[in-house]
Amino acid sequence: MSRSAIEVRGEPVAAADKRERRASVRLQSGAKGSCQSLSKQRELGWEAIVRDISCTGIGLLLPRRFEPGTLLAVEIAEETNEQKRLFVARVVRTSRQSEGGWLIGCRLASSLTEDELPLLLDNIP
């Protein structure tokens, strides 16, 4: 059985793979932040760019890969008052990016409210 393909960002994707499986809509972002693994081993924090965010999940562009299941502490500055927000997120999927780095898809441990989302969408100076 053959599946038809579509093109997303210049890459073919099987039609069966184009269905949205997320519980809530993700909004595009460019917010900057940092993240750190919550493993027993203490490690450095990593600069992160928030690619998208929803009430239940977040997509991060990072210079390194984290394994699915890894717990991360993610810190993002709110756009309006530069107050930093700390979130706990579990890595669900990872994919290498053609421009370098990794896209890390995470589920947030605590859901955000619809009012909190706009504060975190874009904190680029």
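Mentor: Two strands are said to pair if DSSP finds at least two bridges between them. Strands (E, at least two residues) and helices (H or I, at least four) are DSSP runs, numbered from the N terminus. The model is predicted: local features need pLDDT of at least 70, side-chain atom pairs count only at pLDDT 80 or more, and totals for chains, interfaces and linings use all residues. Residues are numbered from 1 along each chain as its sequence is written, and side-chain values use heavy atoms, with hydrogens and water left out.

Trainee: What makes E4 and E5 a pair?

Mentor: Strand E4 (residues 32–37) and strand E5 (residues 46–53) share four bridges in the antiparallel sense; the criterion is at least two, so they pair. Within this pairing, lysine 32 has isoleucine 49 of E5 as its bridge partner.

Trainee: How do you know that E4 also pairs with E7?

Mentor: E4 and E7 run antiparallel and are joined by five bridges. In this pairing, glutamine 36 stands opposite alanine 73, a residue of strand E7 (residues 71–77).

Trainee: Why is alanine 73 called buried?

Mentor: Buried means under 20% relative accessible area, exposed over 50%, and partly exposed in between, with a 1.4 Å probe and protein chains only. Alanine 73 has 17%, so it is buried. Of the 125 residues in the protein chain, 37% are buried.

Trainee: Which residues is alanine 73 in contact with, leaving aside neighbours within four places in sequence?

Mentor: Ser34, Cys35, Gln36, Leu38, Leu86 and Phe87; contact means heavy atoms within 4.5 Å.

Trainee: What makes arginine 65 and glutamate 67 a salt bridge?

Mentor: A salt bridge needs a side-chain nitrogen of Lys or Arg within 4 Å of a carboxyl oxygen of Asp or Glu. The closest N and O atoms of arginine 65 and glutamate 67 are 2.3 Å apart, so the pair meets the definition. Arginine 65, at 31% relative accessible area, is partly exposed, and glutamate 67, at 47%, is partly exposed.

Trainee: How many salt bridges does a search of the whole structure find?

Mentor: Two. In the one between glutamate 116 and arginine 85, the N to O distance is 2.9 Å. Glutamate 116 lies in the loop between strand E9 (102–108) and helix H1 (117–120) and arginine 85 in strand E8, so the pair ties together parts that are 31 residues apart in sequence.

Trainee: Why is valine 88 called partly exposed?

Mentor: Valine 88, in strand E8 (residues 84–96), has 35% relative accessibility, so it counts as partly exposed. Leu38, Leu71 and Val88 make a nonpolar surface patch of about 210 Å². Patches consist of residues with over 30% relative accessible area and no salt bridge, like charges being joined within 9 Å and nonpolar side chains (Val, Leu, Ile, Met, Phe, Trp, Tyr) within 5 Å. Areas come from the Shrake-Rupley method with a 1.4 Å probe; for residues, only the protein chains shown count as cover.

Trainee: What makes a set of residues a nonpolar core?

Mentor: The members are buried Ala, Val, Leu, Ile, Met, Phe, Trp, Tyr and Cys residues joined through side-chain atoms within 4.5 Å. The largest such core has 23 residues; Ile58, Leu60, Leu72, Val74, Ile76 and Cys106 have the most contacts inside it. E9 gives the most to this core, with four residues.
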